[in-house]
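Here are my notes on this one, written as numbered points. Have the viewer open while you go through them.

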There are 2 protein chains.
Amino acid sequence: STAVQPTFGVHLFTSMAVFNRTSLEELLKKRFFYAPSFQAYGGVAGLYDLGPPGCALQSNIIELWRRHFVLEEEMLEMDGTIMTLGEVLKTSGHVDKFADWMVKDIETGDFFRADHLVEAVLESRLEGDKQARSEKVGTEGVNSAADKNRKKKKKGKVNAIELEEGTKAEYEEILAKIDNYTGAELGEIIRKHNIKNPETENDLSEPIEFNLMFESSIGPTGHTKGYLRPETAQGQFLNFKKFLEFNNDKMPFASASIGRSFRNEISPRSGLIRVREFTMAEIEHYVDPQNKDHLRFDEVKDVRLRLLSQNIQAEGKTEPIEISIAEAVEKKIVDNKTLGYFLARIYLFLVKLGIKTEKLRFRQHMPNEMAHYACDCWDAEIQSSYGWIECVGCADRSAYDLTVHSNRTKEKLVVRESLLEPLVYEKTILEINKKIFGPKLRQNAKTVEDYLLSLNEEQLEVLKKALEDGNGTTTVPGTDGNEYEVSRDFFTIRRQTITEHIREYVPNVIEPSFGIGRILYSLIEHVYWTREGDEQRGVLSFPPRVAPFKCLLVPLSNNPSFTDLVRNLSVKLRKLNVATKVDDSSNSIGRRYSRNDELGTPFAVTIDFQSVNDGTVTLRERDTTKQIREKVDTILHVLKELLEEETTWDKVIEIYPTFTQQELD
Amino acid sequence: STAVQPTFGVHLFTSMAVFNRTSLEELLKKRFFYAPSFQAYGGVAGLYDLGPPGCALQSNIIELWRRHFVLEEEMLEMDGTIMTLGEVLKTSGHVDKFADWMVKDIETGDFFRADHLVEAVLESRLEGDKQARSEKVGTEGVNSAADKNRKKKKKGKVNAIELEEGTKAEYEEILAKIDNYTGAELGEIIRKHNIKNPETENDLSEPIEFNLMFESSIGPTGHTKGYLRPETAQGQFLNFKKFLEFNNDKMPFASASIGRSFRNEISPRSGLIRVREFTMAEIEHYVDPQNKDHLRFDEVKDVRLRLLSQNIQAEGKTEPIEISIAEAVEKKIVDNKTLGYFLARIYLFLVKLGIKTEKLRFRQHMPNEMAHYACDCWDAEIQSSYGWIECVGCADRSAYDLTVHSNRTKEKLVVRESLLEPLVYEKTILEINKKIFGPKLRQNAKTVEDYLLSLNEEQLEVLKKALEDGNGTTTVPGTDGNEYEVSRDFFTIRRQTITEHIREYVPNVIEPSFGIGRILYSLIEHVYWTREGDEQRGVLSFPPRVAPFKCLLVPLSNNPSFTDLVRNLSVKLRKLNVATKVDDSSNSIGRRYSRNDELGTPFAVTIDFQSVNDGTVTLRERDTTKQIREKVDTILHVLKELLEEETTWDKVIEIYPTFTQQELD
């Protein structure tokens, strides 16, 4: 079947990027950063297990996230259920709108996401056109599509065939709008441009809508529908009242959640970038819609971001502007200070992890590109061999979610604020005269009352006029649609002075939402390099704070005189809470260092024969491969300072002499 | 419907325990430790959200677990998918055997777990009998059922009716065996003893089997069945080969995983104790079946545990023996040192969290009580108002899982060990003479060959004899069941000397499996108390390392002169990575302290007018409510030492004078 396909197998589509992904993937597989789940059973596309280094890396990213966001701003972190009552996701719009269009190879029955397939085929044809033209003029094809302002998709195999100018323009227009077509439109494009399954050249079915939520059933009755959550956000919104109370009714504030979410992708093929189950970290920051300033904005105002605004994209440009967040807010490129604050904080977080600034930009969604709940959205996009990939979304969901849940459940999800000055104003109101209204209208009283209570001030004035014109009687519709005669003694319509001491409002929500797996994978690409002159020796230069293991502990050989020293040092390192790996295998010291360069372990402590004699050990740094040699306690002290980023290796080797002559026996 | 029921609503069954659960539950609700998920939608039984303090408490428990187990022993932690390919759980036995029996109220359609319902009704009748008897003799009913060696279930409403001696004995026998009945037997018990739905007095259906896994479908085809994992273990077993390689092929070692698992319980009614979605932490420790010693056993040998062995239970006793783990292993109460090591480590972990030792015991499963995969099992049971509840299981799964997956997928899941001395022995073997065998047997060659290759040494000798007796010919069955004539030139049967340099074995698995939610809830009960003379003032005395928030920061009032001091202190506390809550609400200082006693915040730093003048602040300890007053830097230093458990409050107030006279304006 389509869904059960080996993910590390032969890919139909191949990447155009220069980056050598194959050798990195080999390293990640060999060192068990991750692997397809249930590999012995053939695997399932879009499901991966993180092995020990991947899992530790993920934990460290989450830990840093919690410290950078939750602890730093006293966010109210919660942990909600993944299994979600169907009704909740019906209300949020996910049951109706969280879907993709798919097409089916009419011979093999294989499914494809319709927009991705159209995109891949047309990009491949454009690429073929470029190749055909450059073959004619004898220049090398330039990868001009690489920096498009949408996600780069993998292309089909390329045939060097020149296109007519008109066709080429048409393809480019379709690609520019690819995120916005309906199913019917995609079907038309497929027919008109004779798009087939590039793998088999078979015809494709009409696009069919496919909801991306995994469905299940809760309890034994079979009547309670449940879905695996597609985001953690809904669980947070449903607890808004409890959060507000917990926060002593103070606004603004944020809730946060870290956990697994699910999207039943039609045909995922991009490694950790597009998966069916993923860890996300989401913040829901609740603000007064009339005041979206942020108390701590000044702390980040000078942070410079690379922004790709709607305007830039509308002009067909792909080069972001680099600008301070203060200026971006001032110039209304970024709507408000709270949104600006979070964009800057997201930037600081990603850079702290080790994401390269030149491969990081913030792209604003085009109006027609946004999710059904969003009213503005900026993505932090990180460049990798998969192109510019959305890794963090920062959406203004306005009051959408709180409003729909409140309407559905009748639970008020509002903030009440005492007004310093009471608000006094006049208002047209209607008062029903119950003694006459009920007895006269009898069984119809309810439907008429419901209609009357739904009228706004203007409508009430119209009704009042109608009564006056009709000499004290007129007809009104009931909520049942029938007309009923009413007279002026049924109710009173009059002006009244209203004095309000409390302001009541539905907060708006600014939502920074992090795809942890995408960040993790992009980070790995950014820190990957190979030793000069030896492309077999890969290195992952994780910053110490996110590195899966902090310290490698290696005895020079398995000579028994090292045993006690290794054990004692292990105990000391654990006491310091340093994640240590002991490698006392019989491999050469060089091979053991190389292995840990591939794991990204920043430091290694080596015990040799001199250690047994004088109590000194060496400390090796991963990137420079330089070593120092000092007494154990000094080394532990230096190591702890390095890991807590209180010092740097450059400073360390200024203070301590580097050591070069390890005796190997 | 049955599944959608308010969980904090009116319960049919009420607890018999003395502990006042209601007031604790009120506190937990008020302070948003947890709440039913989707409460505004009516909630769903068995699904809960952890609010900010519950979520922080859970994170801290997990953090401590990771440090105590994973870091301490260099376990290979992984993070696998929740969505599991159906085939995997078919092989593991869960599709066929992971089920409970349920009965249905034939009028209302409500479902109940059959064994729980029988248990509840019979216990209620026995309780009624006891009441009737004690009314006769005028003594108070004693809760003798409280310490049974099985989990305490909630009882139906009790009617004081005396039972005949024979009936009583029969009920007690059924209760003793309640975990072991088949569906048909439960049906018979229900009919024979006239058991009804105690809520409605309606008849019940025959027991129906209900699989406890949530089912879904992966991908768009609808043909790939998936289940939400019922345990993290299977994901670990499937990666065994990769783990072993990652561990440089060294044995023994452990993998570990922390994550969400799911059980679609029929009718969960016990708060956080029995839920449909839960966080678990599991260790799979792989050992040589011929050597289950543990290298670090000596480090724990003197740890004394309260053990309730099979023998004690078989004698009908419920009082555990207290014994050192070394003695328990020596006396074969606990089977081996690895199992013993983990029981002791589990004990040390739980005590470090704050679990009370007198409410902690280890109970061995009776032979007929174990899961389908287990060959021995000890539960760490923690006593709470729900009775003695299994919170950690420690099972010896033998080679069960690795064997069944290996058989199904043909992937060898074994350890290969170089033998110091090669193993040399004689063996009867069969060699097929292909030149004759194939041509003679033609299309039947395969079925006969398969049969011959399945024969063991003894069977080969019998065949050899038969050929001799039959003058060089005989008949053998094919694997198709038909008989075929074979002659001695088809194959050779002879003795051969075998020399083995490698030993190959399937490791056994010792599995400590932690229910984080159950531990979390039990811990809350253990640390809950109320101030003497004021039962309204609840306190949760979490040890600092697991407390949700470590420090409360309170300005005496919202006087603007405090603002800068609060901000500076906040920054300093964050730098020290101390989870701090600022409470600058207008509540009295006493109310703010009380609120944080309920949150279990161990320390409070208070800023008052004296602080503005002389730079001193007070530090208050939650349990004693005592305070000291020192300069800010001293207080921060003391606080950090307290949180890292390098000192205790008792020592602190020996060194620093206690402070009593806070000026309140």
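1. Pro367(B) sits in the loop between strand S14 (360–364) and strand S15 (376–384) of chain B. Its relative accessible area is 57%, so Pro367(B) is exposed (buried means under 20% relative accessible area, exposed over 50%, partly exposed in between, with a 1.4 Å probe and protein chains only). Between the C-alpha atoms of Pro367(B) and Gly517(B) there are 27 Å, with 150 residues separating the two along the chain.

2. Housekeeping. This is a predicted model, where local features need pLDDT of at least 70 and side-chain atom pairs count only at pLDDT 80 or more, while totals for chains, interfaces and linings use all residues. Residues are numbered from 1 along each chain as its sequence is written, chains are lettered from A and ligands numbered from 1 in the order in which they are written, and side-chain values use heavy atoms, with hydrogens and water left out.

3. On to a sheet in chain A. Five strands make an open sheet with mixed pairing, in the order S25-S24-S26-S27-S28 (two strands pair if DSSP finds at least two bridges between them). Strand S25 (580–582) and strand S28 (627–631) of chain A are the edge strands, each pairing on one side only. From one strand to the next the twist averages 25° (axes are lines fitted to C-alpha atoms, for helices over the stretch in contact, and angles run from 0 to 180 degrees between N-to-C directions). Strand S27 (residues 616–621) of chain A runs antiparallel to S28(A), joined by five bridges, and Leu619(A) is found opposite Ile628(A) of S28(A).

4. Which helices pack on that sheet? One is helix H19 (residues 563–575) of chain A, which touches strand S24 (551–555), S25, strand S26 (603–607) and S27 of chain A (contact means heavy atoms within 4.5 Å); its direction makes about 165° with that of S24(A). Helix H20 (residues 589–599) of chain A also packs there, touching S24, S25, S26, S27 and S28 of chain A, at about 170° to the direction of S24(A). H20(A) is mostly covered, with nine of its eleven residues buried; among them are Arg592(A), Arg595(A), Asp597(A) and Glu598(A).

5. Check Arg622(A), in the loop between S27 and S28 of chain A. Is Arg622(A) buried or exposed? At a relative accessible area of 2%, it is buried. Neighbours within four places in sequence aside, Arg622(A) is in contact with residues including Arg531(A), Phe542(A), Asp597(A) and Gly600(A).

6. Another one to look at is Asp79(A), from the loop between strand S3 (76–78) and strand S4 (83–85) of chain A. Its relative accessible area is 10%, so Asp79(A) counts as buried. What does the side chain of Asp79(A) make a polar contact with? The partner is the side chain of Arg260(B), at 2.6 Å (a polar contact is a pair of N or O atoms within 3.5 Å; within protein, one must be able to donate a hydrogen and the other to accept it, and residues adjacent in sequence count only if both atoms are side-chain atoms). Not counting residues up to four places away in sequence, Asp79(A) also touches Ser257(A), Tyr48(B) and Thr279(B), among others.

7. Chain B has a hairpin formed by S18(B) and S19(B), with five residues between them; Gly481(B) in the turn has a positive phi of about 95°. Strand S18 (residues 473–477) and strand S19 (residues 483–487) of chain B run antiparallel, joined by five bridges. Thr474(B) has Val486(B) as its bridge partner in S19(B).

How values were computed: Helices (H or I, at least four residues) and strands (E, at least two) are DSSP runs, numbered from the N terminus.
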